Amino acid sequence: MTATLTPSPVATPTHITSAGHLPKWAPWALLLGAFAVSATIFAFVNAGNDPADFNIALALVVGLVLYMVLIFVISSVVESRRHAIDRLMTALVSGAFVVALLPLISLLYTVVINGLMRFDGEFFSFSMRNIVGEGGGAIHAIYGTLLITLGATIISVPIGLMTSIYLVEYGEGRRLARGITFLVDVMTGIPSIVAGLFIYSVFSIIVGPGTRMGVMGSLALSVLMIPVVVRGSEELLRIVPNELREAAYALGVPKWLTIIKVVLPTAIAGILTSIMLAISRVIGETAPLLLTVGIVQGMNLNMFSGQMATLPVFSYMQAKYPGIPVDAYLERAWAAALTLIVIVMALNLLARIIAKVFAPKINGR
């Protein structure tokens, strides 16, 4: 008889398995400690000065740099050089993300804090007609911005979408398609003031010098919107699988119907996103609207007659040419800027909802 020897399991102490590794809370503790040291240093340097002069962004950057040094040194001692380099790279990537967010957070904070001072019912129900000094609102500029941007969207989206369909579905390898692509790339880099000058010059020749009206603003913005819509839609149409097109062709579906029923519904979510990006790109433009639309103090909803007010131009004029008291004009300028941000956020939220509703359903979901 041969006896079988079975080795008995050896219990491994928990303190041995966890040795050589920093606990999970250590990086967070070091990060908080680095920020605390950085804030203390900057508070000491700023002692005796106005608390508003405290540079929060610079303190955060110094805190991130201090954290990177600490996590690398401590990880090298406790763990290993490989772990230390890994933690340093993670800190660098995370720190770059935070630094990129700092200007956006600072901008939003500044606009919200200053804009809320006049973010009231009067601002959204009154124009500046017969208003001198305090009071008044920007309802005329809000309507003007929405109408002119809507007009630019109506002009740009069909042209941009049909151009992208031609480039992807019909123009592959053709000389005309290469020329269109080149022109679209050139138009993407056109300064906004050039678009405004172009439309202003055309209408000065056709209608007469000094002509300004809402439709001119829509045309100027469409010059800036079309290349954004074309490039975004083109890339999204290209990633639609060819198998879907081939399956439709195999069933005898003509090409134009395949594009409408298969290709476009598949890419609709991304196309809507690109359209919202194009709208966000132009809704805050000031220079082309200042040239083509001008500014008025009262309400004008006729885009084919007379000047109109828009939020970017309204904000610019209130800040550039304030009256007395100056604070009333600056508060209206900040409130107009905050209104623009709210409009863009609402449009992006609406686009996400529409994209979710019309996106292709997979397995009935």
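Mentor: Lys and Arg count as positive and Asp and Glu as negative, while His and the chain ends are not counted, and the place of a charge is taken as NZ of Lys, CZ of Arg, CG of Asp or CD of Glu. This is a predicted model, in which local features need pLDDT of at least 70 and side-chain atom pairs count only at pLDDT 80 or more, whereas totals for chains, interfaces and linings use all residues. Residues are numbered from 1 along each chain as its sequence is written, and side-chain values use heavy atoms, with hydrogens and water left out.

Trainee: How far apart do the centres of the positive and negative side chains lie in the protein chain?

Mentor: The protein chain carries 22 positive and 17 negative side chains. The distance between the centres of these two sets is 9 Å.

Trainee: How many helices are there in the protein chain?

Mentor: Helices (DSSP runs of H or I, at least four residues) and strands (E, at least two) are numbered from the N terminus. The protein chain has 0 strands, and its helices number 13.

Trainee: Where is the place of T339?

Mentor: T339 belongs to a helix that covers residues 326-358. That element is helix 13.

Trainee: Is T339 buried or exposed?

Mentor: Buried means under 20% relative accessible area, exposed over 50%, and partly exposed in between, with a 1.4 Å probe and protein chains only. Because its relative accessible area is 4%, T339 is buried.

Trainee: Which residues is T339 in contact with, leaving aside its neighbours within four places in sequence?

Mentor: Contact means heavy atoms within 4.5 Å. With those neighbours left aside, the partners of T339 are F119, F123, F124, I142 and L311.
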